[in-house]
Amino acid sequence: MNISALLTSAGINTAVCAVLFSLYSVLRKQPNLVSVYFGQKLAQVNSKRNDPFWFGRLFPSASWIVKAWEASEDELYVNGGVDAVVFLRAVVFRVFTVAAVICLFLVLPLNYFGKDMEHKQIPEEQLTVFTIGNVMEGSKWLWAHCLALYIITCCSCLLLYFEYKNITKMRLTHITASHCYPSHFTVIVRAIPWVEEESYNDTLTKFFTDYYASSYLSNQMVYQSGAVQKLMSDAEKMYKMIRSPHMDKHCVPRFMRCGFCGGTAATSFKILTDEPKITRRESCFDGSDLRKKECGAALVFFRTRYAALVASEALQSPNPMSWVTDSAPEPCDIYWSNLCVPYRLLWIRKIAVVVASIFFVIFFLVPVVFTQSLVHLDKLTKMFPFLKAITKRKVMEQLITGYLPSVVITLFLYIVPPVMMLFSTLEGAISRSGRKRSTCVKVVYFVIWNVFFANILTDAAIEHYQVSITKLGDAKHIPNLLAKAVPTTATFFMTYVLTSGWASLSVELIQPFPLICNLFYRFILRNKDDSSYGTYTFPYHTEVPRVLLFGLLGFTCSILAPLILPFLLVYFVLAFLVYRNQILNVYVTEYDSGGLYWPIVHNATIFSLVMTQIIALGVFGLKESPIASGFTFPLIIFTLLFHEYCRQRFHPVFRKTPAQTVIEMDRKDEHCGRIEDIHAQLQSAYCQFRSKSLNLHKSTEHNKIESVLADSIETGDIVRLDDLEYIAPAVLGKRSIS
């Protein structure tokens, strides 16, 4: 691939980004789309009916960029929680700025002039000329590459240390600030033994009354709720689908025949009240049915946080397969359906998921091979002469080799997160955040293997096919082949950053799926009630792996093919703005893991550094530079030692809650007299059969927002939908992460 093909791909993706960014700035001003671009909590506001028409709606503007840039970290914490702050810390990883300055001004010129050769004009130059592969063997300038590697590694480790330290403090602050969280007093118990002539509830009560008499408070059983929960969920969705604001105005009870349906006064339709009549204790079953529907799982409430912590960490029985305890998630985070899965089946499910994942990875090699074959179109024409007709047109050749491969692999990658989410569900995650975090880890492994390693190995196979295909099967040649293939595969990674990076951010900004759903409800179903469109949480399981993959590409290609760094810097700047805007305005935070994504980010970054150093070690060996190779090996040892120190120093806080912290919280509650109120709230905190909102009208929070907005509109303070961002934090209150 030459520079002109790369510029073709960059031009196409730049045009796509410019069009979609401009389209977004227009669409977000439309009152009918407020539920798409301002989230469900602001979509409940009726200000869209009072918003006056103004010509600025029809023209693009950059006001959202300014607001996203100026938003403070406290505002992000209020809207997105600790997870949002952690994710944005991963996006703004400042080491790539240092890497770009060093590698573009020091390494790139050495690569370009690494051999005595006659250079073509820049647009006609092959991208391999700008890689380390263009440096002569035994060159004395390879020390510059080793120096750049040292600077990048030291800066990365320094930033990782301070980020890990700050996020650990942030997590502890988040725990201590949540005084009334019911999950601190709750433990999930699974694998309750079955005793004849005794219900699970009786067995559970007897066990904890016996062994935790002083700290046991009460319990709540989990029931087989598949059919019930589905019916309630479907009923709520149907209600929201058919409910429309004009029903309240035009639909009144009629006691006379309408003349069309043959109804009488006794059979005419009546508008029933929709006040919530469901309480926590009401159910579709009577007492005997409830006992039959009990699962071998329950929620157990304790009097203190420390007692719940001890019970969740201790082994309750000599048989590890019974009386299994875990810390409970928050009520809105708990995944009820997986609690009904028998605990003894989980290990079988996990093995099945591993086998299914292996087959899925093998299946995904097909598009990887296809994309690499498009990149090496010149070599394919030698093996398949009928392809020469396609390459006669220069524009077609540039489009096929520079743009099409990254588009193909990006489209196939869209099926990966849903499949991995299904696998994580089958594994038995007990929380929605845990399921999403497990999916995130699986997607990270998948993209690192299929996008990075599989593309490199496929490139090596195509490059060496005509020489000796048997070399790939010889373990002695694999390091050399990898060292040769990584610089050449970097040309594909550049176009991948453009397509999967730049273009995907513009698609994320435009929100195509919620936009289509909004138009379908509004114009096909004639439903103008924004509350029926649903809410969306931030897709950490798709965005975190994408950011980490680009980090891996940036590290590994920094000294080997530094031309990728400008494209990565543009991506991270755009990602910083887009993700801040989405967290502030679009996504609703229903649950928060308390920063548990940071260990994933840290481990992936360390892996990227070590992989970069190993590849550099192989390249220095191929280039016959013993000095550079000798200095690289201690760097690998230093990075691994640094990772082990962070794992011992910070990671335990993310795996377990400190006992000292919860004891101090218990003492503070007892001193302030809050403990009795907390115990009373525990009895109604978790409700399995409750729909997402018992009151299908606006919540208290929504009413507060609407009231403030209505007052603001009447006084003329709000005349644009763009001003909606400033209302929510003011109404919902302020929290600080400091």
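Which strands does helix α29 lie across, and at about what angle does it run to β2? I looked this up in a predicted model. Helix α29 covers residues 675-685. I find it lying across β1, β2 and β3. Its direction is at about 10° to β2.

**Sheet order.** Next I traced the sheet. I read an open sheet of 4 strands, in the order β2-β3-β1-β4. The pairing is antiparallel. I noted the general rule too: strands of a sheet pair through backbone hydrogen bonds, either parallel or antiparallel.

**Edges.** I then checked the ends of the sheet. β2 (216-223) and β4 (324-327) stand at the edges. Each has a single partner strand, so one side of each lacks a neighbour in the sheet.

**β1 with β3.** I took β1 (residues 186-190) and β3 (residues 294-302) as a pair. They run antiparallel to each other and share 5 bridges. I picked out two positions in this pairing. V187 faces V300 of β3. V189 is set opposite A298, also in β3.

**β2 with β3.** On to the β2 pairing. I count 6 bridges here, again in the antiparallel sense. For Y223, I find E294 of β3 as the bridge partner.

**Burial of β3.** Is β3 enclosed or open? I used the cut-off of under 20% relative accessible area for buried. By that cut-off, 8 of the 9 residues of β3 are buried, so the strand is largely enclosed by the rest of the structure.

Definitions and conventions. Residues are numbered from 1 along each chain as its sequence is written. This is a predicted model: local features need pLDDT of at least 70, side-chain atom pairs count only at pLDDT 80 or more; totals for chains, interfaces and linings use all residues. Side-chain values use heavy atoms; hydrogens and water are left out. Two strands pair if DSSP finds at least two bridges between them. Helices (H or I, at least four residues) and strands (E, at least two) are DSSP runs, numbered from the N terminus. Contact means heavy atoms within 4.5 Å. Axes are lines fitted to C-alpha atoms, for helices over the stretch in contact, and angles run from 0 to 180 degrees between N-to-C directions. Buried means under 20% relative accessible area, exposed over 50%, partly exposed in between (1.4 Å probe, protein chains only).
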